Amino acid sequence: MTTSVSVEMSRICKKFGKVMANDQVDFSANAGEIHALLGENGAGKSTMMCMLSGVYRPTSGDIRLFGKSVKIRSPKDAAQLGVGMVFQNFRLVQTLTAAENIVLGEKSSFWRGSKWMRDKQEEIRGISEKFGLPFPVDRPIWQLSVGEQQRIEIVKTLYRGVGLIILDEPTSVLTPGEASQLFDTLVQLKAEGKTIILTTHKLKEVMAVADRISVMRKGRMIHTVDKSATSERELAQIMVGKEMTPPREMAKRQKGKSLLSVQHLDVLAELGRKALDNLSLEVHEGEIVGVAGVAGNGQKELAEVLSGLLPWKRGKIVFNGQEMRTASVRNAIESGISHVPENRMKSGLAGSLGVVDNLLFKSYRTKERSLLGFLRIGSNRRWSQTLVEQFDVKTPDLDTPVQQLSGGNQQKLLFAREIHREPLLMIAVHPTQGLDIGATEGVHRLLTNLRNSGKSVLLISEDLDEVLQLSDRILVIYNGGIIGEMAREEADRERIGEYMAGLRDSGEEAV
Amino acid sequence: MKELAAKRMRLPYRLDYDPSKKINVWWMTIASVLFALAICGIFIAANGMNPFPVYKKLLSGAFGSSFGLTETLVKSIPLLLCGLGVSIAYRISVWNIGAEGQFAAGAIAATSVTIYFPDLPIYLSIPLMIVFGIAAGGFWGLLTAIPRTYFQVNELITSLMLNYVALLALNYFVFGPWKDPKGFNFPGTPMFNEAQTLPVLGDTRLHLGLLFAIVVVLLYAFTIRYTRWGYELRLIGANAEAAKNAGIRISRHILIVMVISGGLAGLAGMSEVSGVTHRLMYGISPGYGYTAIIVAWLAKLNPIGLVVSSFLFGGLIVGGYSVQTLGLPSSISNMLQGAILFFLIASDTIGKFRLRRND
C-alpha cells in the first residue's frame with residue numbers, strides 16, 4: 001500500500017458568525033484510499049469538504065495538497081489543484097447534454113455535431129465505460145435519472161484529471177442497486193491511485209467501502225481508524241459520544257392516557273421508496289417522547305405526516321380518541337397538534353413579514369383574531385405584545401421583519417406562537433439546531449413546562465444529548481420504523497447507538 | 001495559473017455576491033430610471049438630436065398642460081387597472097403576463113353587450129358591460145390558472161400565448177361579424193350609443209373608469225392589509241412553504257387570484273371601449289397589458305407605488321406622442337419603458353453585490 005499523503009488539513013477552524021462549525025480539525029487522506037468522513041448532520045463534515053473544494057475559505061488553518069501548501073479561493077482554484085467535488089445537489093445544466101456539461105467552460109462556443117464535439121463525446125464515453133459509469137453522452141440532463149446525473153458528475157471530475165474526488169452524501173439519492181454499483185466504481189478508482197473522500201452518516205456504507213474512517217462530532221475531529229481495526233458497533237459509539245449528560249431534573253409523572261397512537265404507518269417517498277415502513281408509536285398525556293436516530297431515517301416524514309402535510313399509504317393515526325382520516329394541516333391545527341418544523345426560516349416563519357404576522361400564522365382564523373374575514377388589527381397587536389413579553393422575544397418593535405431577529409429570538413417567537421394555542425401535542429423537530437447555549441436552555445425549559453402542565457411533546461432530534469436530557473421515553477427510528485424503545489431510567493447510550501446503527505432488531509425487544 | 005494569480009494581485013477590490021444584503025428598493029428604482037434615461041439618451045443622440053430638449057418635450061407634453069394631464073390620466077386608467085391585476089398575482093409569485101389578452105377579452109365581452117342588447121337603458125347596459133368585461137377577463141385568467149394548478153404548466157408561457165389568442169379573436173370580430181357596415185371598411189364595431197358609454201368629466205376625455213381604478217386601488221390596499229384573505233396572500237408571497245404549514249391551500253389561492261387578476265384587466269378593457277374609443281376596434285391597446293407589468297414592478301406591488309407609476313407611464317405614452325413633433329418616432333417611449341424594466345430587474349441581482357477590499 002502506498003502511503004503518500006494527498007491531502008492534509010491541519011488545525012482548520014471555520015466560523016459562521018458566532019457559530020464554530022469546525023474547531024481545530026485535523027484531517028488527512030492518502031493516495032489510493034477511500035476515506036470516509038462520518039458524522040451526524042451538523043457535525044461539520046460538509047463544511048470541511050467545502051473548504052477543500054473552494055466553496056468556503058477556512059477562518060484559520062492550513063491545507064496541503066499533494067505535498068504543497070495551498071490557498072483554495074474558489075471552486076475553480078480547487079479544480080486546478082486537482083480537487084473535484086460531487087455535491088449532493090448536482091451542478092448540471094438541465095438543457096445541455098451530458099457531454100456538453102462535462103466540457104462546459106473549455107471552449108467558448110461549440111455546436112452539436114462538430115468534429116471537436118464528437119471527439120469529446122468519444123473521449124467521455126471511453127472514461128465512462130472504463131470506470132463502469134454508464135450514461136448516454138448525447139442526451140440532455142433533464143431526461144436522465146438521478147443516478148445517471150451523479151455518474152456524469154463523477155466523470156466530470158475524472159475528465160478534468162483530478163487526483164482527489166470528494167463525494168458528499170453520494171448514496172442519499174441512489175437506490176440500493178445504484179449504490180452498490182457506485183461502490184464498485186470507487187474501488188476501481190482507488191486502484192487507479194485516486195484519493196476518494198466520502199462524507200456520510202450511514203455506517204453500513206462506511207464499513208462496505210472505506211479503507212479508513214474519520215469520525216466528526218460537533219465540529220471536532222474525534223477519531224480516525226482503519227476499517228480493519230473497528231466495527232460498526234464501535235463507530236456508532238464514537239459517533240454518539242461517550243460523555244453522559246445528566247438528564248434534566250423533572251418531576252415524576254403518572255403515565256396519562258394515550259393521546260396519540262400511530263399504527264403500522266407506511267409513507268411513500270420519491271422513487272417508490274418507503275420513507276416510513278410499518279411505523280407504530282404511542283404518545284401519552286404529559287410525557288416527552290424523544291425520537292433519536294441518524295438523519296434520513298424517516299424523522300422528517302414522521303413529523304410531516306403527523307402535522308397533516310404528508311398523506312400516508314397504509315396504517316392508522318388516532319389522536320385524542322379520534323381517527324385522522326386524511327392529511328389536513330388545518331385539521332391537525334384545530335385538533336391541537338403543534339409543529340415546530342426542522343428549519344424555522346424555511347418552513348416555520350415568513351422572514352420578510354413582521355412579528356405580528358408571524359404570530360398570527362395558525363390562529364388568524366379564530367374568532368379572537370378575525371371577524372367576518374377581517375383581521376382585528378388593534379387587538380392582534382395587543383395580543384402580540386403580550387406574547388412577545390411573556391416569551392421574552394427581543395425585538396425592536398412588532399413590525400420588524402423576523403429575519404432580522406437572532407436565531408434564538410426567532411425560535412422563541414415560533415414557540416410563542418405554537419405554545420400559546422395550548423396544543424395537546426407538540427411535535428418539535430431539531431428545536432435547538434443552530435442556537436447558542438442560553439437559547440437552547442430556554443427552549444428546553446419551554447418543552448419541560450409544557451410536559452409538566454400535562455401536555456405531550458414528540459421531540460425528534462439528531463442531538464442525542466438533547467433526547468437523553470429531556471425525554472421520558474426514548475424511541476429510536478431506523479429505516480422508517482421504530483427499532484427500539486426504552487424508558488428514561490434504562491436509557492443507555494451504548495444501546496441507543498446500536499439501535500441507531502440498525503444493529504438490533506425490534507423483534508428482540510418486542511414485549 | 002501564474003497569469004491568473006498576477007491578475008488577481010493587480011485588482012485591489014473584488015465584487016462579492018452576498019444574497020443576504022438588503023437593498024434599498026426606492027434608491028434602486030430611481031437609479032434604474034436614471035440609467036434608462038441615460039441609455040435612451042445615447043440612442044436619441046445617435047438620431048442626431050440633443051436628448052435634453054427631447055426629454056423636456058416629453059415631460060411638458062405629458063404633464064405641462066391641462067390637456068396633457070387629462071390625457072395622461074386617461075392613459076393611466078387601463079395601466080392602473082391592469083397593473084393592479086398583475087400585482088395581485090405577483091404577490092403570490094404567479095407570473096401572469098397575460099394582462100394584454102385579458103384586457104382584450106374584457107373589451108370583446110363588454111362590446112358584445114352593445115351588439116346583442118343594443119337598446120338597453122344606461123343603468124342596465126353599463127353594469128352589464130362591467131360584469132361581462134370582468135367575467136371574460138377572469139375566465140381568460142382561469143385558462144392560465146387551471147393548467148398551472150393541476151398540471152404544473154408554466155403560467156408565463158400559457159398567459160403569454162393566450163394573449164395572441166385573445167388579440168386574434170378581437171381582430172376576427174372587428175374585421176368580421178361585428179364590423180360596422182357603415183364604417184367605410186374600418187376594422188371596428190359601430191360606435192356605441194350614449195347609453196353604452198361611460199360619462200366623462202366636462203369636455204375632457206377623462207371618464208368614469210378613473211373612479212373604478214381608484215376604488216380598486218383602495219380595495220386592494222385594504223384587502224392586503226386588513227383581511228384574512230389578504231393575510232393569506234402575504235404569507236404565501238413571503239414564504240409558500242411556511243404558508244403550507246399554516247394550513248393554507250395554495251392551489252386554491254392561485255385559482256382565485258388569477259380570476260381576480262384577469263378580471264381587473266378585463267375591467268380595464270371594458271372601461272377603454274366604453275370610456276375612450278366608444279367602439280371595439282383593431283389595435284385598441286398600445287400594449288397596456290405589457291406596460292402594466294413594468295408598472296407593477298416599478299411600484300414593487302405597493303398600492304401607492306402603483307398609482308404613481310401608472311401615472312408616470314401614462315405620461316410616458318402621451319409624452320411619446322408629443323416627441324413626434326420633434327421628428328422622433330413615438331416608440332422612444334417604448335424604448336424607455338423597456339430600458340426601465342431592464343435596469344429594475346438587473347438591480348435585484350446587482351444590488352446584492354458588495355465591493356470588498358482584496359486581502
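How many bridges pair strand β1 (residues 13-17) of chain B with β2(B), and in which sense? The first legend below answers this.

**View 1. Two strands of chain B pair side by side.** This is a predicted model. Strand β1 (residues 13-17) of chain B pairs with β2(B) over five bridges, in the antiparallel sense. One bridge can be picked out by its residues: B:D16 has B:R354, in β2(B), as its partner. Strand β2 of chain B covers residues 353-357. This strand is hardly covered, for none of its five residues counts as buried.

**View 2. A loop residue of chain B with a positive phi.** Look for B:H278 in the loop between α11 (250-277) and α12 (288-298) of chain B. B:H278 is not a glycine, yet its phi is positive, at about 55°. Is B:H278 buried or exposed? B:H278 is buried, because 21 other C-beta atoms lie within 10 Å, and 20 or more are enough to count as buried.

**View 3. Chain A as a whole.** Chain A holds 18 helices and 22 strands. Its C-alpha atoms fill a box of roughly 70 × 50 × 45 Å along the principal axes. The radius of gyration of chain A is 25 Å. A compact globule of 511 residues would have one near 24 Å, so the two values agree. Of the 511 residues, 45% count as buried.

**View 4. An open sheet of four strands in chain A.** The strands follow the order β2-β1-β4-β5, and their pairing is antiparallel. Which strands stand at the edges? They are β2 (19-30) and β5 (68-70) of chain A. Each has a single partner strand, so one side of each is left without a neighbour in the sheet. From one strand to the next, the twist averages 25°.

**View 5. A hairpin in chain A.** β9(A) and β10(A) form a hairpin with two residues between them. The strands run antiparallel, and six bridges join them. One of the paired residues is A:M216, whose bridge partner in β10(A) is A:M221. A:K218 lies in the loop between β9 (212-217) and β10 (220-226) of chain A. A:K218 has a positive phi of about 50°, although it is not a glycine. A:K218 is partly exposed, with 16 other C-beta atoms within 10 Å.

**View 6. Where chain A meets chain B.** The contact takes 25 residues from chain A and 16 residues from chain B. On the side of chain A, α10 (329-334), α11 (344-348), α12 (355-360) and β18 (374-375) each supply at least two residues. What kinds of residues make up this side of chain A? They divide into 13 nonpolar, eight polar and four charged.

Terms used: Residues are numbered from 1 along each chain as its sequence is written. Chains are lettered from A and ligands numbered from 1 in the order in which they are written. This is a predicted model: local features need pLDDT of at least 70, side-chain atom pairs count only at pLDDT 80 or more; totals for chains, interfaces and linings use all residues. The radius of gyration is taken over C-alpha atoms; the globule rule is 2.2 Å times the number of residues to the power 0.38. A residue is buried if 20 or more other C-beta atoms lie within 10 Å of its own, exposed if 12 or fewer, and partly exposed in between; C-beta atoms are placed from the backbone. Two residues are in contact if their C-beta atoms, placed from the backbone, lie within 7 Å. Ala, Val, Leu, Ile, Met, Phe, Trp, Tyr, Cys and Pro count as nonpolar, Asp, Glu, Lys and Arg as charged, and the others, Gly among them, as polar. Two strands pair if DSSP finds at least two bridges between them. Axes are lines fitted to C-alpha atoms, for helices over the stretch in contact, and angles run from 0 to 180 degrees between N-to-C directions.
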